[in-house]
Amino acid sequence: MNPTIEMPTIEYATLAPLLLVFGAAIIGVLVEAFAPRYLRRSFQVPLTLLSLIGAFALVIVQVVRGDVETGPVAMGALAVDGPALFIWGVILVLSAVCVLLINDEGHFVASAASVPGSSDEEASEKAGHEHTEIYPLVLFAVGGMLMFPAANDLLTMFVGLEVMSLPLYLLCGLARRRRLLSQEASMKYFLLGAFSSAFFLYGAAMLYGYAGTVSFAGINQALAQGSLLDPLLLLGASLLGVGLLFKIGAAPFQAWKPDVYQGAPTPITALMASGTLVAAVGALLRVFWVGLGNLDWDWRPVLWVVAALTMIVGAVIAITQTDIKRMLAYSSIAHAGFLLVGVLATYDTGAGNVVSLQAILFYLLVYGVATVGAFAVVTLVRDAGGEANHLSRWAGLGKRAPILSGVFAFFLLAFAGIPLTSGFFGKYALFTAAIGSGREAGDALGAWMTGLVVVGVIASAIAAFFYVRVIVLMFFSEPVADGPTIAVPSTGTVAVIALSLLVTVGVGLFPEPVLQLANTAASSLFVR
Amino acid sequence: MTTQYLILSGLLFAIGAVGVLIRRNAIVVFMCVELMLNACNLAFVTFARQVGNLEGQIIAFFVMVVAAAEVVVGLAIIVTIFRTRRSASVDDANLLKY
Amino acid sequence: MDPVEIIQHTAGGVIGMSWLMIAFPLLGATILLVFNRYTNRWGHLLGVAMSLASFVVAVLAFVQLLGLPEAQRRQAVHLWEFIPGMVDMGLLVDPLSIAFALLITGVGSLIHIYSIGYMAHDPDRRRFFAYLNLFVAAMLLLVLADNYLALFIGWEGVGLASYLLIGFWQFKPSAAVAAKKAFVVNRVGDFGLLVGMFLIWTTFGTLAFAELKPITSENPTTLAIGLLLLLGACGKSAQLPLQSWLLDAMEGPTPVSALIHAATMVTAGVYLVVRSGAFFFPEGSGAALAVAIVGAATLLAGAIIGCAKDDIKKGLAGSTMSQIGYMMLGAGLGPVGYAFAIGHLITHGFFKADMFLGAGSVMHAMNDEVNMRKYGGLRKYMPITFATFFIGYLAIIGFPLLSGYFTKDGIIESAIHAEPVLGWLAVLGAGLTGFYMSRMVFMTFFGEKRWDKEAHPHESPAVMTVPLIVLSIGSIFLGGYLVLSNTLLLWLAPAVGRPAELPGFHPFSVPGLSTLALVAVGAAFAWFKYGRAEVPAVQPRGSFLTTFARRDLYGDALNESLIMRPGQWLTRLAVYFDNRGIDGVVNGLAAGIGGSSGRLRRLQTGFARTYALSILFGAAILTGALLLVGNI
Amino acid sequence: MSSLWLPILMAVPVLGAVVVALLPKGGTTLAKQVTLLVSLVVLALTLVMAFQFPNAAGDRFKFEATYDWIPSFGVHFGVGVDGIALVLIALSAVLVPIVVLASWHDADGVKAADGTVIAPKRSVKTYFSLLLVLEAMMIGVFAATDVFLFYVFFEAMLIPMYFMIGSYGGAQRSYAAVKFLLYSLFGGLLMLVAVIGLYVVAGKGTFMFPELVGAIQDPATQKWLFAGFFIAFAIKAPLWPVHTWLPDAAAQAPAGAAVLLVGVLDKVGTFGMLRFCLELFPDAAKAFTTPIIVLAVISIIYGAIVAIGQTDMKRLIAYTSISHFGFIVMGVFAMSQVAQAGAALYMVNHGFATGALFLAAGFLIARRGSPHIADYGGVQKVTPVLAGFFLVAGLAGLSLPGLSSFVSEFMVMIGTYSSDAFGSGALAAAAIVSALAVILAAVYILWMVQRAMNGPTAEPVKAFKDLNAREVWVLAPLVALIIGFGFFPKPLLDVINPAVTSTLTNVQVDIPGVAEKGAGQ
């Protein structure tokens, strides 16, 4: 009877992947602190890779054993349900792959503190210094990414968001070449990221004021009972949305994306474009579905407009880009728009939801993999001053490096959603879910959803133009004089590209296993 | 009373947001963001009081920790860029565009 | 009396093998074209042999047909299923088709033989024979077909052969243009024939002659079909208003002009009308009247053109138009006219081929000069050519007792009987014929020499003159044989029907005598103008009427201003519209998206504070929208 | 019971493509020989299959094989052929070896007689392996009995063709290739929406074509879905006014690729109309007949008129094809046995005729390096064999009776004229107007022949060599087929007719049976 302090129940087995990643990150910090400089690298790289792979193995173990939690864990802080596990798996694979890219030499500055162009910089470069802090930073970011979509209340989500973002802010500024750009990207990302998390937090505060709790289930329950017209609620929902939409780069919050993607070291761009996006979409789903599910009649039209705008803006602006990374950034914006279509397709009837959730999960996987592959190729095309990112330098690359260009072209075709690539089935699954969800909910909504799909289709057609433009440049244009060299890829990079290609081709031909997996994950739906 | 606190919180948030928009110095901009976070804290604490549970207050502590971490990261970035450019103006960092 | 029913041929014999008629020349053409220059040495001989073989089959079939009772003289020979459910490929051997077959293979063979000599020096003689063989095959298919579709294949086949042969000397731009023009103008007529077939099949569910029933009274559908077929006939037979190609077609080698543009192909229109007569052109119907009117108009037009031409071949071409006009006139008169039309067709085939080949012989002798103003007095230098040409001349103007006299007179008599106005126009035409043909003979063979210096006329070799002789013999006797005692009429009756009463031969009737008188006047006039008087070597300016005739009654000018010019404009407009209009919209759309992309990316100013502003705006809009939606 | 014919037929070229791609460096001649061999094997297999067709088991579709592919989406790897698909597959199988032979030196780099580089040297192995991949997809697209599978091939085919045009084409190749790809992709994406809609609305959980027939009952839904399919097919076909990509693509593509593009790929559009638009959405098809027939007639006349005004030989041929596709579309939507059979036959014959014309023009262009008609003149005098083939191909293009294209054009026109499916006034008028193209066709073909082949021999033409044995072997089979089927179209029609009958049954149009003729007197 006496109030005693109870031991909190922590489901360690379920949380093992998360804990492993964070633990490894902390060990990495300790290594930085205590190990001599010449040993750090040989510690950090295996540590990072093994922890990520280990975490992935732990996820697999959970999936195989099939004892997926049916309720929140860690005292309601996290929800490790089917979709979360799937997203974890995807993030872990993608980040492990990105670590292989990061491990490739030449991407990161020898000493971030040295002023670009100074003798300092030269000296540290000569001395062969390197920032092995990168690895623990990546691990922290990945930990944040795991936490973000699995959060079951707004506080955990905020913490996850920050744990994910803060290391990335730093990582963005560590490019070896074009350091001014890198630092600028870092600062912009940091300021805007902080700015948007303030919005997120204020929105959380408003919802807390409305519902008296920050747990998603609690908020949704309050929605079921309380007034849906409360300004606190609507303000809270919208500001929360700002924070999340910023992370996935939806219009009109997309402005940071091209700048940051262009300035950041390419392996980090790859990590952001794949892992961060996956995590953010997962979080977005959880907030809008688990937390604000009962408010859907309000946010649905708004999100409709955002989705349409995002697809069009991303596709249209990408057309006139001249930098390959910047172009891929806009492409990523357009794809965020497609994912929003999927988010809109989630609807409160079980079977339909499984279909749309499955589609989103599938899309996240195939898009993430192709993205990492594409950026991996980008790292290999180099000039005297580092990567040759300007598109004009890519002219005639098909002659110089037919296989590499062919692979890149294939990734581009996957982005464009041409059949027999994985991207096609991703797009197909999303659109099917969208149209299907509309049908179940009645005709008016069906028309709106079909309309959104048509917008998406038009955006795809526009988007195809700039993907195709790169192919034209690579294959149909005459090579430029003294064109870029193709770096001899390290084993890691080769593995990354090969894996991405394998998945993109394999899923493009036989999507069924992955679809089944996504379906299994989606069937458990989000736990509340 | 809660309304007044909330209005204050809203005002602080707005001041912070406007500050981000109109100030050029990166440090000041960053401080404005901190102000916004603190506005959130105020709102949390106010609501905690109103709702009658502790969640809000706990969150405020968390936010403080996060803000502190943010300061570490942010200052590092700003200092680096200042060393490079000899300027802390956010408008000077304008190479990445279009 | 209606034509007798077509029966399916089952018995053997030559009729069953009548496809050989087509197969021989087709084989010849194929061998000559496929084996190409390897056959150069003997190609012409093969061509002649194939044509002769075809002639032999035709004769044998004719003989077999003669042996059959009248009611069985229409034998359909089934070959193969062509378009399942619509039409089969088959031949119809009946008095009409066999008459044509004999003409085609007979005259055709003669012209083949003649060409050995005429084309002896042409490096492409082998190709010439290939085309001639191709023509014979196609023409035989045209006349032997037992349905409209197969007829149409032959119809276009002869068009192709005509195209190839007119353009045989394609390196001359004029020949190339003439060939194309002939084909295109013919296609206008083919359009009529095609649409006619649509109507026939839709209305009657068949394209086979055997399954169509003779009609007694006309209805709008059959009238429409009749007029459409007439359009087709006008194209092929160079009748108004599709006459313009024939004069240009004289660009081809002369044997071609003789075979295709005089004796056979151009008469296909007459064949079509006669063949379809019972179905769509019953006696006294509107369609038949239209045929007669077209015929009468063309016979005058052709004659007028013929009066003004200095080019011997073009003069003959005008005459051909005119003579086919006679046949058309006859074909528009029902079964009585059919016999005379076909009769005239056959005799004309002889005497016109005779004269064309004669003209060719003259040209051969005169270094390919065609301008009659540079001839004169040739009769002494080329006696055989002159004699045969002169026989042809007498035949065509209707000199009593020669071939043309009987057949043409028959047409005029029948026409005056049925359609007096048209009939008297035909009489007038006969007078004009007398004039222009005499003019031609006088300018060529009589009077002073007006030759170029290099000209050394000589008689042509036997390989050319023998066909001339044979043809001129036909020109003398054939008409009398066919018309007197109605031989041809009775022979054709099973195929085209028999008139209620048989026409008699009235040599001293008013029309007959007035025709003769007018012809005499015309010939005399020509004698005074071209025989006795000196012919100026350079064409005099001439009156308005002369110019009118010289310029082919302004037919080309009319075509040019009404069709070609607007057509060119339309083409240019369409091309412009396609490039700037449709493609312009497409490219404009792309440019528009590109442009908006260029403008939109300017929003990305690079200033972090602008981005922050956009976030704030976005947040405001999002909140506003949610409040708005929430409160709806 | 599933037959392995079609999977094998598709696998052989794919394997061939892999082999060709993996050949050691420098083995260009070997690559060509292997490609030729593979394509001949495919041809032989196709012919054997075609001869077994009449006796093969199966109701409408024969040689059926169905495997689950993506059960989550209800997608099968389902293949099977009816008569129309069979003849189109046969067309592809015939054209590919011919194209291989014709393209023998296309990737080697072309130099004009005066030494100017017309096309630079390109990768031979890539070209020929793309060609084989394309062949597999062409077979697949016609054989697919699963709507989704059809769509996949429909879109995927674009890519090899895109590379063939873009890498191996003329001066404007990248513009043309991009235009081709984007136009087709746009149509394809609209079709994707309709495909999804079909799946969702039908609610059958499967994409198998036979099960989807008649699944959509609501007329309004039918119309929307029909529009999605039709626009894609109209772009592909191409129908006025979405045709402008074709002249660019065909003019810039190497002659061999142009043959496959116009001869086969574009047929997928008209094939799709016949198979999918009509059978899946019969009510919508009937409702839209009039506007579509109008578009078809505009295509026929407009294409012909614009063709007359062209100065570039390959563009001219492309526009003639637009005119011909108008006929095919008209035949498809005339909804009568004769017209549709004619349209299906037209698809085949057009492939032969236009293929021959493109190839002959290609050989001509290869000798001079210019596609402009004005750069030629008097070719016949110098190279009579080339000129002869060119003329025959041209005559097939103007549908000369006795050549195969005539039979089909005639059937389309007469079938349209006599179709009583909708009260014949409009259709009859359409048939009559379209018959005017007979005249225009003579103008555009013969004028081109006159300008290029006739007249005084132009100076650069004098150095031309006549066709060599390889080139003769390219054109001779086509000409033989054109003439053969011109007089004896029965083998083709016998397999096409039953397929058309079942199409019309599904569209619920009363057919005056094949055997009985017309409406009687």
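In chain C, helix α3 passes helix α5 in a left-handed crossing, a crossing being left-handed if the near helix is turned anticlockwise from the far one by less than a right angle, and right-handed if clockwise. Helices (H or I, at least four residues) and strands (E, at least two) are DSSP runs, numbered from the N terminus. The model is predicted: local features need pLDDT of at least 70 and side-chain atom pairs count only at pLDDT 80 or more, whereas totals for chains, interfaces and linings use all residues. Residues are numbered from 1 along each chain as its sequence is written, and chains are lettered from A and ligands numbered from 1 in the order in which they are written.

Helix α3 of chain C spans residues 43–66 and helix α5 of chain C spans residues 125–144; they pack at an angle of about 15°, with their axes 8 Å apart. Axes are lines fitted to C-alpha atoms, for helices over the stretch in contact, and angles run from 0 to 180 degrees between N-to-C directions. The angle makes α3(C) roughly parallel to α5(C), the term for angles under 35 degrees. To the contact, α3(C) brings C:G43, C:H44, C:G47, C:M50, C:S51 and C:S54, and α5(C) brings C:R125, C:R126, C:F129, C:L132, C:N133, C:V136 and C:L140. Two residues are in contact if their C-beta atoms, placed from the backbone, lie within 7 Å. The contact of α3(C) with α5(C) comprises five nonpolar, six polar and two charged residues. Here Ala, Val, Leu, Ile, Met, Phe, Trp, Tyr, Cys and Pro count as nonpolar, Asp, Glu, Lys and Arg as charged, and the others, Gly among them, as polar.

Between chains C and B, the contact takes eleven residues from chain C and nine from chain B. Helix α23 of chain C (residues 608–631) gives the most to the side of chain C that touches chain B, with five residues. That side of chain C divides into five nonpolar, three polar and three charged residues.

Several backbone features lie in loops or beside helices. A cis peptide bond with omega of about 5° joins C:L240 and C:P241, and C:P241 is placed in the loop between α8 (220–237) and α9 (244–248) of chain C. The loop between α8 and α9 of chain C also holds C:A238, a residue other than glycine with a positive phi near 55°. C:A238 is buried, with 28 other C-beta atoms within 10 Å; the cut-off for buried is 20 or more, exposed means 12 or fewer, and partly exposed lies in between, with C-beta atoms placed from the backbone. In chain D, the peptide bond from D:W240 to D:P241 is cis, with omega near 0°, and D:P241 is found in the loop between α9 (219–236) and α10 (245–252). B:R86, in the segment after α3 (55–85) of chain B, has a positive phi of about 60° although it is not a glycine. B:R86 counts as exposed, with 9 C-beta neighbours inside 10 Å.

Chain D contains 22 helices and four strands. Its radius of gyration is 22 Å, close to the 24 Å that the globule rule gives for 521 residues, so chain D is as compact as a globular protein of that length. The radius is taken over C-alpha atoms, and the rule is 2.2 Å times the number of residues to the power 0.38. Of the 521 residues of chain D, 68% count as buried. Chain A contains 20 helices and three strands, and 66% of its 528 residues count as buried.

Key: Parallel < 35°, antiparallel > 145°, perpendicular 65-115°, else oblique.
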